[in-house]
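Biologist: Could you walk me through this one? I would like to go through the parts in turn.

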Amino acid sequence: MIYPIVKYGDPVLEHPAETVTEFDTPELNKLLDDMFESMYAARGVGLAAPQIGISRRIAVIDTSAGEDPSQKLVLINPQILKKEGTQIIEEGCLSIPGFREDLRRAKKVTLRAQNAKGEFFEMTGDELLARAFQHETDHLDGRLYITHLSPLKRDLIRRKIRKLQKAGEWA
Ligand code: NI
C-alpha cells in the first residue's frame, strides 16, 4: 500500500516518535513493505514513519533509489554513535517538496539500530548514506532539516510554504 506523504505543517513531523518494542510481527513487516513502496512511489531515498503519519521510530533508506536491492536498509530505533568530518550537500525532504538547501552534515556516521527481527547492528555510512542516517534519525526526533538552516533561510522557506498553504497548494 502506498501511503500519502505527510507535509510540513502536520504536527506528527515535529514530535519525537515512539520506540518500537515489538518485532518480527506481520504488522511490522507489512508496514516496512509499505514504507519502501511509498518511498519509491515518491522517488525518495529515505523515509521515516512519521512522514506517513505513523509516530514510531522506523526509517527505510535506499540510496540506489530502487536500482539495487542490496542497498535496502531498515533502521528501527536508530541511534547515532559517532560523527566524523563535515560535508556540505544540497538536501531536500519529501515532506517539504519543492525546496532544497545546502546543509552542513557530518561526512561519516556510525549508528546502532535494530532490524525487523529486533536484532541490533552497527553500521557506518559515508557521504550520501551518512546524510540519510542524519536526516532520518532527525525525523524520528521530530526534527526537520530546515531546523539546521540559518533563521533567515528557515523563515523564508516557512513564509513561502504559508503562501502555498493559503493558496491551497500545500495539501
Ligand atoms: Ni525528510
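Modeller: Cys93 and His135 are both buried. Keep in mind that this is a predicted model.

Biologist: Where does H2 lie?

Modeller: H2 lies across S1, S2, S3, S6 and S7. Its direction is at about 125° to S7.

Biologist: On to the sheet, then. In what order do the strands come?

Modeller: The order is S1-S2-S3-S6-S7, which makes an open sheet of 5 strands with antiparallel pairing. Strand S1 (46–48) and strand S7 (120–126) are the edge strands, each pairing on one side only. From one strand to the next, the twist averages 40°.

Biologist: What holds paired strands together in general?

Modeller: Strands of a sheet pair through backbone hydrogen bonds.

Biologist: How many bridges join S3 to S6?

Modeller: There are 6 bridges between strand S3 (residues 73–84) and strand S6 (residues 108–114), and the two run antiparallel. Gln79 stands opposite Arg112 in S6.

Biologist: Which strands does H1 lie across?

Modeller: Helix H1 (residues 26–41) lies across S1, strand S2 (58–61) and S3. H1 runs at about 45° to S2.

Biologist: New topic: H3. How many residues does H3 have?

Modeller: H3 covers residues 151–166, so to speak a run of 16 residues. From its first C-alpha to its last, H3 reaches 22 Å, close to the 22 Å expected at 1.5 Å a residue.

Biologist: Which residues of H3 are buried?

Modeller: Arg154, Ile157 and Ile161. These residues cover an arc of only 65° around the axis, which puts them on the same side of H3.

Biologist: What covers them?

Modeller: The cover over the buried residues of H3 includes strand S5 (101–105).

Biologist: And which residues are exposed on the other side of H3?

Modeller: Pro151, Leu152, Lys163 and Lys166 are exposed there.

Biologist: Last one: what is phi for Gly168, after H3?

Modeller: Gly168 follows H3 and has a positive phi, near 75°.

Key
Residues are numbered from 1 along each chain as its sequence is written. This is a predicted model: local features need pLDDT of at least 70, side-chain atom pairs count only at pLDDT 80 or more; totals for chains, interfaces and linings use all residues. Side-chain values use heavy atoms; hydrogens and water are left out. Helices (H or I, at least four residues) and strands (E, at least two) are DSSP runs, numbered from the N terminus. The expected span of a helix is 1.5 Å times one less than its number of residues. Buried means under 20% relative accessible area, exposed over 50%, partly exposed in between (1.4 Å probe, protein chains only). The arc is that of the directions from the helix axis to the C-beta atoms. Contact means heavy atoms within 4.5 Å. Two strands pair if DSSP finds at least two bridges between them. Axes are lines fitted to C-alpha atoms, for helices over the stretch in contact, and angles run from 0 to 180 degrees between N-to-C directions.
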